[in-house]
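Thanks for coming. Please have the sequence and the 3D view open while I talk.

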Amino acid sequence: MSSTASCAVPVAFDPAVALGRLVAAAEPGVLRHVESLPGRRAQLAPWPQWVHPVVQGALAGAGVGSLWSHQAEAAELAHAGRHVVVSTGTASGKSLGYLLPVLSDLLDGSAAPTGRGATALYLAPTKALAADQLARVTSLAIPGVRAATYDGDTPSEERRWIRDHAQLVLTNPDLVHHSLLPGHERWAPFLRALRYVVIDECHVYRGVFGSHLCAVLRRLRRVAARYGAAPTFVLASATVRDPQAHASRLVGMPVCPVERDGSPREAMTFALWEPGEGADGERRSATTEAAALLAGLVGEGVQTVAFARSRAGVEALAAGARRRLPEEALHGAVAAYRGGYLPEERRALERGFREGRLAGLAATSALELGIDVTGLNAVILAGWPGTLASLWQQAGRAGRAGEPSLAVLVAADDPLDTYLVRHPEALFSRPVEASVVDPANVHVLAPHLAAAAAELPLTEADLPLFGGQARELLDALVARGILRRRPRGWYWARSDRATDHVTLRGTTDVVTVVEDRTGRVVGTVDEASAHSQVHTGAVHVHQGQAYVVTGLDLEARTASVVRGDPGWSTYAQSQSAFDIVARERSEVRGAVGLCFGTVDVRTRVTSFLRRLPGGEVIGSHPLDLPERRLRTRAVWWTMPGPLLQSVGIDETQVPGAAHAAEHAAIGMLPLVATSDRWDVGGVSTAEHPDTGLPTILVYDGYPGGAGFAERAFDAFETWLAATWRAVSECACELGCPSCVQSPKCGNGNEPLDKAAAARLLRAVLDEGGRPAAPAPEGLVGLVPRTGSRPPGAGAPAPGAPGAPALLRR
């Protein structure tokens, strides 16, 4: 690994000069646009009088001589006991807004007989971010403040000490759900003194993940109240539209917003880059191009992070950059950082980057919410990250040392990416997306109510905390024998752990990658990705070292590998299918059939390709892997051929029209379903085997469903009318991210026919005003003559296919 000196920026960084050198080393035409984002001056504020002198002195020793206005405003509100959300730019020092009241109160409370007159809980979405915040607090060396991280990597012998002695515990929502709340008796002294709960990067908590956090925070408030504590909640995020509403939904109480950014910001140069053609005449990949840019910047001594969309892309990007660096001494200054690394590997990388021993890092979005670095001058994005919020969060990692910064978005070979780099107004003239979250999502709330009852019996007085549907859900849980109703409340009625029935982020199963010869654990891969990443014959790259998978044992959840680079890479190929299992509600709208019900989403990895570094395919090999199934709930509608032909859509245009309409409908679903586009999936087909007709289907991306598809069914007219307007009123000619292109399309946004999609949507809407026609061919047995609904309104009936897992038989 290179020395710190070789990674440091020798002179003041000039992004224009750095970009000019990158352009000079590339062929003409790759630079599509350069946006100059102006800097701003600092707005200072005096130190609050209540700040503990030791805290102020420690910060002064760390170079913090004054406060920016938003830091002082947030600190004053939090210290006064007001719940507050700080939503200012990346690198604006938001953490000081909560550290001032937290550290001051912890010091004041250290004089208590227990030494813990006040405690604080810090929640981060990633372990890396919690570790980075701990490093910052520790570096202040404040006597009397005991802080520690408590997560899945914490040794068991340290956990008891943390529970008994730490004043500031830095953890994540998953641990609060699985450990702290079920074992709250062991945390009683900590909870009794709980003064603050800090929720960092709160924009991450959206969609179903956000609904889970809503429930966890309400459970935390209830348990804390049991010990006489009513903590103040402080939330922080750089990228939230309407932060006050979002934060208030998360915590379930009114929250004061702090949005006026008082921090100085140097100018940013934001370049949009479209790769040219390689020697084979094909457009170079974003990963290959980003590797060349990363090598160029590292070679100039510019500390840079390059973000890639996938773990495999991260490894390829880092390896490509190392190959291009002319000086061998610099090869060790570039590394990959992604999920699946062992805890000690992650910590070493984070430490090396903070200390400057690493000049270049290729990372997934794990770093987007991870380490806080100084001296970082440039960021490269290998492909559109999916949302504007993620774009600005990643780009904002640069410019953290008070110098101008450079960000480069490299377009992937995808219509959406190409559109963005050729239409900069789509990036620089739009606000960030809304962070949607629904605290009343019954599919999420039901198992959390069961968990709450297991922690402390639920009483009538608790019901308002969990919303208006709590009683109905409790009745369903009692009917299933999961809870027991007694005069004093609802009690957990089973012998197992309630929290084991729900995870906050989906499956937690992982496949361990083990080296055959030594038995050494190389890393891990989540179970859902194992079929495509560590199948037999796959080339698995870990920290730049290639391994070939010799066997995948799904029952034992292990993948055996041998070290060695065969000279090619592998790419899994899969097939997906969708089966309609049960229709639960339906309507006939003229010639259009509208349904809601249960579906099976089936996916199977069928083969893999071997490719040389130049992209040439040298072999295709079949795989015999089991099919993966997701049983969930969906809304779908069918359209007979004559209806589509009547608006000028012939058989050859149906796939593009339906596909574009499906994308647009998914994009507009948050209008009626309080979802996030990443929470749902879709399929469109010119002839679905279960209906025999052109069909568009949008499904919840969670086992058992999450309630989004049913809300779409209920508000179908509003939903589809907004979708039609979004498509028909968009100024683009062929389709763009604002209408029919999707950042997560598995088919590369092909085929899409924007004009035909607008006609299709209008025809479906027009049919809604017509009398119910006879059931269209292909819908007999699936669509009744009139609308229907399963027993019970609101919450699903016990045992229904879409009921929460604890309610299903």
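This is a predicted model: local features need pLDDT of at least 70, side-chain atom pairs count only at pLDDT 80 or more; totals for chains, interfaces and linings use all residues.

The chain has 27 helices and 29 strands. Of its 809 residues, 56% are buried. If you take the contacts between residues at least 6 apart in sequence, 74% of them join residues at least 24 apart.

Now the sheet with 7 strands. This sheet is open, its pairing is mixed, and the order runs β1-β11-β16-β15-β12-β14-β13. Which strands stand at the edges? They are β1, residues 31-37, and β13, residues 334-337. Each has a single partner strand, so one side of each has no neighbour in the sheet. From one strand to the next, the twist averages 15°.

To find the place on screen, look for M268, which stands opposite S405 in β16.

Helices pack on this sheet as well. Helix α2, residues 15-24, touches β1, β11 and β16, and its direction makes about 20° with that of β11. Helix α14, residues 343-354, touches β12, β13 and β14, and its direction makes about 135° with that of β13.

Stay with β13 for a moment. It is joined to β14 by 4 bridges, and the two strands run parallel. A336 stands opposite A362 in β14. In a regular strand, side chains alternate between the two faces of the sheet. Here V334 and A336 point one way from β13, while A335 and Y337 point the other way. Are these four buried or exposed? All are buried.

Next, the sheet with 5 strands. This one is also an open sheet with mixed pairing, in the order β20-β19-β23-β22-β21. At the edges stand β20, residues 521-526, and β21, residues 539-542; each has a single partner strand, so one side of each is left without a neighbour in the sheet. The twist averages 35° from one strand to the next.

Let us walk through its pairs. β21 pairs with β22, residues 545-553, in the antiparallel sense over 4 bridges, and V539 has V548 as its bridge partner in β22. β22 and β23 also run antiparallel, joined by 6 bridges. There, D553 has T558 of β23 as its bridge partner. The hairpin of β22 and β23 has 4 residues between the strands, and R557 takes a positive phi near 55°. β19, residues 510-515, and β23, residues 558-563, run parallel and share 4 bridges; V513 stands opposite A559 in β23.

On to the core. The largest nonpolar core has 79 residues, and those touching the most other members are F270, L427, W637, L669, W719 and L760. What is L427 in contact with, leaving aside its neighbours within four places in sequence? The list is L272, W384, L388, L391, W392, L409 and L420.

E201 is in the loop between β8 and α10. With a relative accessibility of 8%, E201 counts as buried. Its side chain makes a polar contact with the side chain of Q393, at 2.9 Å.

Last, the cysteines. In general, a disulfide is a covalent bond between the sulfur atoms of two cysteines. How many disulfides does the count give here? The count comes to 0 disulfides. C739 is buried, at 6% relative accessible area. C595 is buried too, at 0%.

C730 sits in the loop between α26, residues 716-728, and α27, residues 754-767. Its relative accessible area is 17%, which counts as buried because the limit is under 20%. Beyond its neighbours within four places in sequence, C730 is in contact with R725, C736, S738, C739 and K754. C730 and K754 are 24 residues apart in sequence, and their C-alpha atoms are 9.9 Å apart.

That is the tour.

Note on methods. Residues are numbered from 1 along each chain as its sequence is written. Side-chain values use heavy atoms; hydrogens and water are left out. A disulfide is a pair of cysteine sulfur atoms within 2.5 Å. Buried means under 20% relative accessible area, exposed over 50%, partly exposed in between (1.4 Å probe, protein chains only). Two strands pair if DSSP finds at least two bridges between them. Axes are lines fitted to C-alpha atoms, for helices over the stretch in contact, and angles run from 0 to 180 degrees between N-to-C directions. Contact means heavy atoms within 4.5 Å. A polar contact is a pair of N or O atoms within 3.5 Å; within protein, one must be able to donate a hydrogen and the other to accept it, and residues adjacent in sequence count only if both atoms are side-chain atoms. A nonpolar core is a set of buried Ala, Val, Leu, Ile, Met, Phe, Trp, Tyr and Cys residues joined through side-chain atoms within 4.5 Å.
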